[in-house]
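These are my notebook entries on a single model, kept in the order in which I looked things up. I began with one residue and its surroundings, and widened the view from there.

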Amino acid sequence: MPILLDREQLLTLYPALAGLPEARIAQLLQAPTANLPAGTTVFSENQPCAGFPLLLAGSIKVVKQAASGRELMLYRVVPGGSCIISSSCLLGRSDYNARGIAETPLSLLLLPVGEFARLLVDHAPFRDFVFHLFAERIGELMQLVEEVAFARLDQRLAKLILARQSDTLNVTHQQLADELGSVREIVSRLLKGFAAQGLVSLGREHLTVTDRDGLNKLAAV
């Protein structure tokens with residue numbers, strides 16, 4: 001079913017497109033759109049990039065998979081943002097080197113390759129938006145590398161739980177393991193240890209934070 005996208009919605013989410021001539025904005029509104037259910041693979045490794053995605057609703061998690069099958073989540077894309085792997089593939093004329101998965105039902109608009117290139121050349125606010133995303137994501141990825149290389153897994157798990165900003169998380173042990181680039185058995189063992197310390201309580205496909213201060217102390221060790 002086609003997405004009914006209007007000018008105000010597009011410019012509210014992506015103000016970098018403001019200032020374009022009305023005819024150009026109308027042309028962008030005719031770009032391909034899609035509604036995808038949760039769990040859909042949005043793009044895969046070694047697949048050519050068909051355009052620059054502008055997320056309108058929902059979220060995408062971008063993951064890197066090892067030969068063993070284990071995955072590490074690199075970052076999330078939310079409405080108003082976009083995917084630096086997509087932009088790097090377009091700029092470098094290369095295939096995707098990671099996988100994007102719909103975490104929730106999502107809607108997106110796909111800027112064609114040619115339009116993405118033209119916007120980079122002749123619309124400075126859009127160019128600034130793309131390169132600001134590069135800077136922001138590189139900072140996040142450097143932090144991820146530092147945590148994977150130097151932080152203990154229990155610290156990273158505590159930080160991940162705290163980052164959800166809710167005391168009740170509807171999440172499986174496998175989902176947490178995927179985000180940490182670990183395996184479910186190790187994460188389950190750590191969570192049982194957290195529960196034994198009174199930091200969390202565990203249920204089927206959910207956990208509840210019972211001692212946020214204690215988790216903060218663990219995360220800061």
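This is a predicted model: local features need pLDDT of at least 70, side-chain atom pairs count only at pLDDT 80 or more; totals for chains, interfaces and linings use all residues.

**Entry 1, a residue and its contacts.** I listed what Leu157 touches once its neighbours within four places in sequence are set aside, and found Leu176, Leu180, Val187, Leu190, Leu191 and Phe194, where a contact means heavy atoms within 4.5 Å. Leu157 belongs to helix α6, residues 153-163; helices here are DSSP runs of H or I with at least four residues, strands are runs of E with at least two, and both are numbered from the N terminus. I count Leu157 as buried because its relative accessibility is 0%, the classes being buried under 20% relative accessible area, exposed over 50% and partly exposed in between, with a 1.4 Å probe and protein chains only. As a check on distance I took Tyr14, which is 143 residues from Leu157 in sequence and 33 Å from it in space, C-alpha to C-alpha.

Residues are numbered from 1 along each chain as its sequence is written, and side-chain values use heavy atoms, with hydrogens and water left out.

I counted nine helices and ten strands, and the C-alpha trace spans about 60 × 30 × 30 Å along its principal axes. Of the 221 residues, 41% are buried, and among contacts between residues at least 6 apart in sequence, 69% join residues at least 24 apart. For charge I have 21 positive and 22 negative side chains, with the centres of the two sets 5 Å apart; Lys and Arg count as positive and Asp and Glu as negative, without His or the chain ends, and each charge is placed at NZ of Lys, CZ of Arg, CG of Asp or CD of Glu.

In the model, residues 13-137 are 33% helix and 30% strand, and their end C-alpha atoms lie 19 Å apart.

**Entry 5, strands 60-65 and their partners.** I followed β4 (residues 60-65), which pairs with β5 (residues 71-77) in the antiparallel sense over six bridges; two strands pair if DSSP finds at least two bridges between them. Five residues separate the strands in this hairpin, where Gly69 takes a positive phi near 100°. β4 also pairs with β6, again in the antiparallel sense, over four bridges. Val62 stands opposite Tyr75 in β5, and its bridge partner in β6 is Gly100.

Which order do the strands of the open three-strand sheet take? I read it as β8-β10-β9, with antiparallel pairing, and the edge strands β8 (168-169) and β9 each pair on one side only. β9 (residues 200-203) and β10 (residues 206-209) are joined over four bridges, among them Leu202 with Leu207 and Val200 with Val209. Their hairpin has two residues between the strands, and Glu205 takes a positive phi near 60° there.

Asn46, in the loop between β2 (41-43) and β3 (51-57), has a positive phi near 70° although it is a residue other than glycine, and at 62% relative accessibility it counts as exposed. Arg93, in the loop between α3 (84-92) and β6 (99-102), is not a glycine either and has a positive phi of about 55°; I count Arg93 as exposed, with a relative accessible area of 79%.
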